[in-house]
Amino acid sequence: MELNALTAISPIDGRYRSQVQHLDEYFSEYALMKFRVLVEVEYFLFLADKKFFSAPAALRNALKESLEKFDIAAAQKIKETEKVTNHDVKAVEYFLKEVLDSAKGEHLKEWVHFGLTSQDINNTAIPLSWKAAIEAEYVPAILNLNRLLDQFATDWKDIPMLARTHGQPASPTRLGKEWKVFVERLDNQIQLFLEVPISAKFGGATGNFNAHHIAFPKKDWVKLGNEFVEDILGLQRQQYTTQIEHYDNLAAHFDAMKRINTILMDLCRDIWTYISMDYFKQKTKKGEIGSSAMPHKVNPIDFENAEGNLGIASALLEHLSAKLPISRLQRDLTDSTVLRNIGVPFAHMILAIKSIEKGLSKLVLNESKLSSDLENNWAVVAEAIQTVLRRENYPQPYEALKALTRGKAGINKKSIHQFISTLKVSTAVKQELRKITPHNYTGVSPK
């Protein structure tokens, strides 16, 4: 069968393609070829700028145009060459040599890919594509989601809510503050993610500029390599490498993403639980069906979908971060096939973020349910009462409240106030205690 959304094996290229198809600009075979061409063209022009040879304006323009107008047809041409060479980077080299032939630059053809090994191209092209993807897609997506969560936190900052620890009623909190917990967690992990540099390898067959140095021994190739990678490509060049990049920083990115995924999974499960507790209703859309058998149901499918996609992404990221920094001696080929899959967890994460945003857009606060849960759990003010009694040096206040509340049914406002009336404390303290309710015993939070 021809490949389309219905025949694709992966749901990324099938069921969900309409939501993530734009990611092919960073992670497809076409994208990898394009970024390889970019590196090869920039390196050729860099050598020309450093006076290794003279490249006329027409030739420079022809190379730049080959990059700017790079399309599927160009990628297909490289792919056809690869069938002969059985080497993907060499096919890119031949593609650019044909451009030079067409631009009357035959005499300069051997400056294409001069002194390089294929990993000098791959280990700069892939970091460039990764950098472009996280800057244009991932970071904006996660920041926008966090801003949305922060808006909910602001909107609900004054809504009291019964807290639950170990699943049991606990000291009340505020709904907005509980959302702010996730905002702060994401803020912290996004900051850590952004602090990881995007690094590259560029130094010849085994990282020592062997071929470069033997051809031009008086040139400072370390300095030139640093300048090309850092000033031209905008990446951080690793100084001591084998044939390939260490991938330690890329692994750190993957690990940071895994932590962010864990936080988002925690968020999804909490919202799912609040929905099941009826703290939130969900907006319905005409024509949509929640259950094939039960007409009344509106299932929290967006948060379930997000949780599933986050789990798949984290599992793949775990393998990537554990495998990529390991390579036998100066290089084996396992990194090559593994690196081709970094777009898969990326796509699952983008899907998850979209699902969470969709789910959030459906939420309708059921404030009456939050209020009734508080009213039905007066036992939670026992902590407040015994703490005030401690302040008053009242004998064994914890034990007194424990005897009143633990394992007892029917603890309500009346029974609490009856207990207060029996306490041997001043009238002022009793009045203070009677003002405490599950609705106002919510503590304080930073502004």
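Predicted model: local features only at pLDDT ≥ 70, side-chain atom pairs only at ≥ 80, totals over all residues.

Q: Why is asparagine 377 called buried?
A: Its relative accessible area is 18%, and buried means under 20% (exposed is over 50%, partly exposed in between; 1.4 Å probe, protein chains only). Asparagine 377 is therefore buried.

Q: Where is asparagine 377, and which residues does asparagine 377 touch?
A: Asparagine 377 lies in the loop between helix 15 (367-375) and helix 16 (382-391); helices are DSSP runs of H or I with at least four residues, numbered from the N terminus. Not counting residues up to four places away in sequence, asparagine 377 touches Leu162, Pro169 and Pro438, where contact means heavy atoms within 4.5 Å.

Q: Is lysine 131 buried, exposed or partly exposed, and what makes it so?
A: Lysine 131 has 23% relative accessibility and so counts as partly exposed. Lysine 131 belongs to helix 7 and, leaving out residues up to four places away in sequence, touches Ile198, Gly234 and Leu235.

Q: Why does cysteine 268 count as buried?
A: Cysteine 268 counts as buried because its relative accessibility is 0%. Cysteine 268 is in helix 11 (residues 248-276). Apart from neighbours within four places in sequence, the contacts of cysteine 268 are Phe303, Ala306, Glu307 and Ile356.

Q: What makes helix 7 and helix 14 roughly parallel?
A: Helix 7 and helix 14 (residues 343-362) pack at about 20°, with axes 11 Å apart. Axes are lines fitted to C-alpha atoms, for helices over the stretch in contact, and angles run from 0 to 180 degrees between N-to-C directions. Angles under 35 degrees count as roughly parallel, over 145 as roughly antiparallel, 65 to 115 as roughly perpendicular and the rest as oblique. Helix 7 and helix 14 are therefore roughly parallel to each other.

Q: What is the make-up of the contact of helix 7 with helix 14?
A: The residues of this contact of helix 7 with helix 14 divide into 16 nonpolar, one polar and two charged. Here Ala, Val, Leu, Ile, Met, Phe, Trp, Tyr, Cys and Pro count as nonpolar, Asp, Glu, Lys and Arg as charged, and the others, Gly among them, as polar.

Q: How do you know how helix 16 runs relative to helix 17?
A: Helix 16 and helix 17 (residues 397-405) pack at an angle of about 155°, with their axes 8 Å apart. That makes helix 16 roughly antiparallel to helix 17. Residues of helix 16 in this contact include Ala382 and Leu389, and those of helix 17 include Tyr398 and Leu401.

Q: Which residues touch the most other members of the largest nonpolar core?
A: Of its 137 residues, these are Phe44, Tyr138, Trp179, Leu264, Phe346 and Leu360. Helix 7 (residues 118-155) gives the largest share of this core, 15 residues. A nonpolar core is a set of buried Ala, Val, Leu, Ile, Met, Phe, Trp, Tyr and Cys residues joined through side-chain atoms within 4.5 Å.

Terms used. Residues numbered from 1 in each chain as written. Heavy atoms only, no water. Helix = DSSP H or I, 4+ residues; strand = E, 2+ residues; numbered from the N terminus.
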